[in-house]
Amino acid sequence: MVFWGLEVKPGKPQSYDPKVEQGKVHVTQATLGQGLGKGSSVIQCSKGDKTPIYLCSLLPNKTECCPLNLEFDDDDETVEFSVTGDRSIHLSGYLEEYDQ
Amino acid sequence: MVFWGLEVKPGKPQSYDPKVEQGKVHVTQATLGQGLGKGSSVIQCSKGDKTPIYLCSLLPNKTECCPLNLEFDDDDETVEFSVTGDRSIHLSGYLEEYDQ
Amino acid sequence: MVFWGLEVKPGKPQSYDPKVEQGKVHVTQATLGQGLGKGSSVIQCSKGDKTPIYLCSLLPNKTECCPLNLEFDDDDETVEFSVTGDRSIHLSGYLEEYDQ
Amino acid sequence: MVFWGLEVKPGKPQSYDPKVEQGKVHVTQATLGQGLGKGSSVIQCSKGDKTPIYLCSLLPNKTECCPLNLEFDDDDETVEFSVTGDRSIHLSGYLEEYDQ
Amino acid sequence: MVFWGLEVKPGKPQSYDPKVEQGKVHVTQATLGQGLGKGSSVIQCSKGDKTPIYLCSLLPNKTECCPLNLEFDDDDETVEFSVTGDRSIHLSGYLEEYDQ
């Protein structure tokens, strides 16, 4: 196991290629980043040219974190995470190494 | 693993046949879609002619996402997801491929 | 896997015998049913003559759903689910068939 | 699997010895008990003479239940659950029998 | 299994080396500690010289606890947990002993 984290900032989509990791990634939490914005921040995931899917929506001073349960491994294509809203979203979880 | 997502819009029930997938689907999150509606949006699942069961109820500006834990595979019949309320609901999760 | 759901109405306790199922039941979510009641609805589970245990408490317009994680299989005795409050509670999850 | 539950009342700490069970206990939910108290109720767990650790904090009319994920088995020493606040907290989950 | 807990106080980062444990640690919950502070408390995790990642953000009298799902084992480097805000955060979970 290795701790895994990624901060996604508003307006700065991040490509994520699960093949670069040495194991299966478990994304288990989303937490609102710092900032003064009061509107919701939504993190989306898209694959290829498909419509993005919302992963969670966080609300300052109301619901600032939410458990997730996503897994990515070698069979996955690159996905793109993006955030809309005023504040970044931190994804966290852990990496389960492949057997050697 | 493959990222999996589905947006269900209000008044547009969607049949979902788990047999079309190449693996077991883990539905792990529901998130409220865009819109200005202020009432709750509820996603339901029904199988055959049985009474629909509510899967979760999301509230704009209060609770906009909720973890789920549903699994579907080859043994499942087609189910129908439907949303009541003003806004769509995004389901997300991942596909665990069958061994080959 | 087979989708599993059960609506429990206030004042109408429901016996549930896990032995009637062809597999292990995973109860993974509780969602508030329709209605105008504004007080909390609580779902309880009791076994034999033991004191009922609260499984979750849902609040209209505040917290209308909650993840659960209960498993029932052939080794379980019959339990009784009951709801106190104004509105029904929908339990959902999935059935993991026994190997054949 | 066997349904498992325990109500812990304020000011009445309960010793819990996992060795008395015929299996591994999965504690998966905490729910606020009945009462009129409006302040938070906190459930703690302590082991031997170590400082108690808070397991969750429930708020009447705001957050009356919370998923947990604790496991206890034969290797565990006795722990003590205690509740501070006005209302009891119900723990629920299931027992996974040891293979025989 | 052994109950596992750690209180992290504001302004007092704690190094945590998973190698000192006799098993894999499952960190499954975060709960706000005692205090009168009314602002949010955020717990972060950092590894080496990487940017800290937010694990969750708790709000007094609104959201005082949150499920987590992190795993640490022998393959992990030392991480550092730190809390910003007025109140401490209690992490809890369990230790799954390594086979002997």
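How much area do chain C and chain B bury between them? About 2000 Å², with 57% of it on carbon and sulfur atoms. Buried area here is the accessible area, taken with a 1.4 Å probe, that two parts lose on being put together, summed over both. The size of an interface is often given in just this way, as the accessible area lost when the parts come together.

A word on the ground rules. This is a predicted model, in which local features need pLDDT of at least 70 and side-chain atom pairs count only at pLDDT 80 or more, while totals for chains, interfaces and linings use all residues. Residues are numbered from 1 along each chain as its sequence is written, chains are lettered from A and ligands numbered from 1 in the order in which they are written, and side-chain values rest on heavy atoms, with hydrogens and water left out.

Back to chains C and B. A rotation of 72° with 0.0 Å of shift along its axis puts chain C on chain B at an RMSD of 0.0 Å, with copies superposed by least squares on the C-alpha atoms of residues with pLDDT of at least 70 in both. That is the relation of a five-fold axis. The two copies use different surfaces to meet, as 12% of the contact residues of chain C recur in chain B. In numbers, 24 residues of chain C are in contact with 24 residues of chain B, contact being heavy atoms within 4.5 Å.

Polar contacts do turn up: eleven residue pairs, both residues at pLDDT 80 or more. A polar contact is a pair of N or O atoms within 3.5 Å; within protein, one must be able to donate a hydrogen and the other to accept it, and residues adjacent in sequence count only if both atoms are side-chain atoms. On the side of chain C that touches chain B, β1 (2–8), β3 (23–32), β6 (65–72) and β8 (89–97) each supply at least two residues. Strands are DSSP runs (E, at least two residues), numbered from the N terminus. β8(C) gives the most, with six residues. By class, this side of chain C has nine nonpolar, eleven polar and four charged residues. Ala, Val, Leu, Ile, Met, Phe, Trp, Tyr, Cys and Pro count as nonpolar, Asp, Glu, Lys and Arg as charged, and the others, Gly among them, as polar.

Next comes the pairing of chain E with chain A. Chain E can be laid on chain A by a turn of 72° and a shift of 0.0 Å along the axis, with an RMSD of 0.0 Å. Again the copies use different surfaces, with 12% of the contact residues of chain E recurring in chain A. Chain E and chain A bury about 2000 Å² between them. In chain E, the residues that lose the most area to chain A are Ile53(E), Tyr54(E) and Glu71(E), together 30% of what that side buries. The count of salt bridges between chain E and chain A is zero, whereas twelve residue pairs are in polar contact. β4 (41–47), β5 (53–58) and β6 (65–72) of chain E each supply at least two residues of the side that touches chain A, and β6(E) gives the most, with seven. That side of chain E divides into 13 nonpolar, four polar and seven charged residues.

Side chains of opposite charge can pair when their charged atoms come close. Over all chains, the salt bridges number five. One of them joins Lys24(A) to Glu71(A), whose closest N and O atoms are 3.5 Å apart. Lys24(A) lies in strand β3 and Glu71(A) in strand β6 of chain A, so the pair ties together parts that are 47 residues apart in sequence. Both Lys24(A) and Glu71(A) are buried, a label for residues under 20% relative accessible area (1.4 Å probe, protein chains only). In chain E, the side chains of Lys24(E) and Glu71(E) meet in a salt bridge as well, at 3.5 Å from N to O. Glu71(E) is buried, with a relative accessible area of 11%.

How values were computed: Salt bridge = Lys/Arg side-chain N within 4 Å of Asp/Glu carboxyl O. Helix = DSSP H or I, 4+ residues; strand = E, 2+ residues; numbered from the N terminus. Buried < 20%, exposed > 50% of the residue type's maximum accessible area, 1.4 Å probe, protein only.
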